[in-house]
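Please examine the sequence and the structure before reading on.

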Amino acid sequence: MGSRPSSAPRPRANSSDPLFDGPNKGGPEVASSMRKVSSTANIVDDLSSIFGAAASSSGEFQEVDGETEERRRARLERHQRTQERAAKALAEKNQRDLQVQREQAERHRIAETLDVEIKRWAAGKEGNLRALLSTLQYVLWPECGWQPVSLTDLITAAAVKKVYRKATLCIHPDKVQQKGANLQQKYVAEKVFDLLKEAWNKFNSEELF
């Protein structure tokens with residue numbers, strides 16, 4: 001007998017095709033690229049909903065049969081403004097991303113040098129709030145406004161607390177930022193602030209006993 005056509009249902013589309021897969025299929029690259037296409041097409045969709053068929057998904061202006069010249073001109077101007085705003089927003093985002101990358105690279109370079117200096121200053125004084133406060137001038141920059149305090153001024157617990165509050169106000173990351181400190185000064189302030197806070201917690205726990 002000759003072969004008969006199979007009555008079994010034909011297989012569905014290739015499951016590897018990302019268009020037929022779920023949101024998690026096809027890998028993060030596919031999902032990411034589809035999201036980008038969707039986000040860039042949103043402006044076009046909004047324009048089309050207002051004027052009928054203002055632009056294609058590629059961002060090109062589309063002609064509409066039977067449309068008056070006045071309506072076409074208005075739609076074209078709106079399309080051009082939309083494209084300009086999208087281009088400007090993209091350029092600003094790229095500039096911000098570039099600035100963040102530069103700061104991260106600079107911060108990494110600074111850390112390689114300053115971490116050594118900060119560790120040298122804190123060596124042997126970890127958790128010793130009095131010792132850290134009395135030598136703070138050796139790690140801070142001159143323009144920060146810190147006035148050196150000697151160990152003899154840190155004998156009582158009340159004196160330590162008073163000087164600690166002054167120190168945290170002087171080098172608090174937010175305060176340093178407001179004063180217009182550069183990246184190097186902000187890095188030192190963050191590290192020193194953390195070391196002082198750790199020593200402060202130890203100081204308070206010891207004061208309870």
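The expected span of a helix is 1.5 Å times one less than its number of residues. The model discussed here is predicted.

Q: How far does H2 reach from its first C-alpha to its last?
A: H2 has 54 residues. At 1.5 Å a residue, a span of 80 Å is expected. The reach of H2 in the model is close to that figure, at 76 Å.

Q: How many helices and how many strands does the protein chain have?
A: Read from the N terminus on, the elements run α-α-α-α-α-α. The protein chain accordingly has zero strands, and its helices number six.

Q: What percentage of the residues in the protein chain is buried?
A: A residue counts as buried when its relative accessible area is under 20%. The protein chain has 209 residues. Among the buried ones in H2 are Arg75, His79, Ile110 and Trp121. Over the protein chain, the buried share is 27%.

Q: Which residue with a positive phi follows H2?
A: The phi in question is near 80°. The residue that follows H2 with this value is Gly124.

Q: Are Glu67 and Arg75 buried or exposed?
A: A salt bridge joins the side chains of Glu67 and Arg75 at 2.6 Å, N to O. Glu67 has a relative accessibility of 18%, and Arg75 has one of 0%. Values under 20% mean buried. Both Glu67 and Arg75 are therefore buried.

Q: Which residue is linked with Glu67 and Arg75 in a network of salt bridges?
A: The structure holds five salt bridges. Glu67 and Arg75 meet in one of them. The network that links these two residues also takes in Arg71.

Q: By about how many helical turns are Lys93 and Asp97 separated?
A: The side chains of Lys93 and Asp97 meet in a salt bridge at 2.9 Å, N to O. Lys93 is partly exposed at 42%, and Asp97 is partly exposed at 34%. Because the two residues are four apart in helix H2, their separation is about one helical turn.

Q: What is the volume of the second largest pocket?
A: Rolling a probe the size of a water molecule over the atoms shows where empty space is left. For the second largest pocket, the volume is about 220 Å³.

Q: Which helix supplies the largest share of the lining of the second largest pocket?
A: The lining has 13 residues, and Leu114, Glu117, Val139, Leu140 and Val188 lie nearest the centre of the pocket. Helix H2 (69-122) and helix H6 (183-207) each supply at least two residues of the lining. The largest share is five residues, and it comes from H2.

Q: How many residues of the lining of the second largest pocket are nonpolar?
A: The lining is divided by class. Three of its residues are polar and two are charged. The nonpolar residues number eight.

Q: How far apart in space are Trp200 and Tyr164, C-alpha to C-alpha?
A: Trp200 lies in helix H6 and is buried at 17% relative accessible area. Along the sequence, Trp200 and Tyr164 are 36 residues apart. In space, their C-alpha atoms are separated by 7.9 Å.

Q: What distance separates the C-alpha atoms of Leu183 and Glu106?
A: Leu183 is in helix H6 and is partly exposed at 22%. Leu183 and Glu106 are 77 residues apart along the chain. The distance between their C-alpha atoms is 8.0 Å.

Note on methods
Residues are numbered from 1 along each chain as its sequence is written. This is a predicted model: local features need pLDDT of at least 70, side-chain atom pairs count only at pLDDT 80 or more; totals for chains, interfaces and linings use all residues. Side-chain values use heavy atoms; hydrogens and water are left out. On a 1 Å grid over the protein atoms alone, a cavity is a set of points where a 1.4 Å probe fits but cannot get out, and a pocket is an open set with protein on both sides within 12 Å along at least five of seven lines; lining residues have an atom within 4 Å of a point. Grid points are joined across faces, edges and corners, and a volume is the space filled by probe spheres set on the points. Ala, Val, Leu, Ile, Met, Phe, Trp, Tyr, Cys and Pro count as nonpolar, Asp, Glu, Lys and Arg as charged, and the others, Gly among them, as polar. A salt bridge is a side-chain nitrogen of Lys or Arg within 4 Å of a carboxyl oxygen of Asp or Glu. Buried means under 20% relative accessible area, exposed over 50%, partly exposed in between (1.4 Å probe, protein chains only).
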